[in-house]
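This briefing covers the strand pairing, the helix packing and the confidence of one model. Please read it alongside the sequence and the structure shown here.

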Amino acid sequence: DSQIILYVAIGVSIIVNMWAYWFSDKTVLSMTGAKEVSYSDAPELHRIVENLSISAGLPKPKVFIVKDSSPNAFATGRNKDNAVVAVTSGLLEILDKNELEGVIAHELAHIGNNDMFVSTVAVILVGMVTMVSDMLLRSTIFGSRSEGKGNSIALIVGLILALLMPLVASLLRLSISRKRELLADATGAMLTRYPEGLASALEKIHSHGRKMKSANHATAHLFIANPFGLKKSKTYVNRLFMTHPPAKMRVEILRGMDK
């Protein structure tokens, strides 16, 4: 019976996450309040997206704007043919053309690198590990009760594994998110052939440090910068749970590409 419940739970998890992947663009756009803008409403933004898409060999994604004074941007969509690039109104206000190109190139890099698919797979694996650990915990507890005190060591081991597995899986997902951000930085910089543009943009974005009105933990990893703003604490433990690499590290790597 326990095995049947486990298989059903895993199946449901896969179905739910694949559904989320298939409709990711609509879900994220709804959660962030992003609105599509026409060429006439934002001609410079459209031109930048169009030119960089051609350079990257990608179909031009739809262009959206989030009315929020906090500077940020994200890309979403299940594949290259159904992609979306969105920027906040605050981002457009503080960046010059070269900096905006750097940010757009970063987002197009996410699309070109199929990061939405990678992220979805990571979420599915985390969900499966969490359910397996829960089943392990239940079976260990009930099994030890039926077998008596002689199974106390197995109970302790089972409890430790059940508690650690979800944590390790979540840390792995966050690590993947940080690695993909660094990869998108590098890919975007190569696309524009001007790493300083993105480096300067990241400095401005992170110096702003204000939380987005639509900040949500479910979508935080999609943005070019943490939508919850800057965190003062920078301990090693806190870095393990960050969705993005430290801004200083990203800027240093980008500026190192020019040398």
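Strand β2 (residues 62–66) pairs with strand β4 (residues 84–88) in the parallel sense, over 5 bridges; two strands pair if DSSP finds at least two bridges between them. This is a predicted model, in which local features need pLDDT of at least 70 and side-chain atom pairs count only at pLDDT 80 or more, while totals for chains, interfaces and linings use all residues. Residues are numbered from 1 along each chain as its sequence is written, and side-chain values use heavy atoms, with hydrogens and water left out.

**Sheet**
- V66 has T88 in β4 as its bridge partner.
- The 4 strands form an open sheet with mixed pairing, in the order β1-β2-β4-β3.
- β1 (35–36) and β3 (73–76) each have a single partner strand and stand at the edges, so one side of each lacks a neighbour in the sheet.
- Helix α5 (residues 97–112) packs on the sheet and touches β3 and β4 (contact: heavy atoms within 4.5 Å).
- The direction of α5 makes about 150 degrees with that of β4 (axes are lines fitted to C-alpha atoms, for helices over the stretch in contact, and angles run from 0 to 180 degrees between N-to-C directions).
- Helices (H or I, at least four residues) and strands (E, at least two) are DSSP runs, numbered from the N terminus.

**Residue D185**
- D185 lies in helix α7 (residues 152–192).
- D185 counts as buried because its relative accessibility is 3% (buried: under 20% relative accessible area, exposed: over 50%, partly exposed in between; 1.4 Å probe, protein chains only).
- Not counting residues up to four places away in sequence, D185 touches H106, L198, L202, R250 and L254.

**Confidence**
- The chain averages a pLDDT (the predictor's confidence in each residue, from 0 to 100) of 82, and 73% of the residues score at least 70.
- Confidence in the chain is highest in helix α3 (residues 43–56), at a mean of 98, and lowest in helix α9 (residues 236–240), at 56.
- Where pLDDT is low, the predicted coordinates should not be read in detail.
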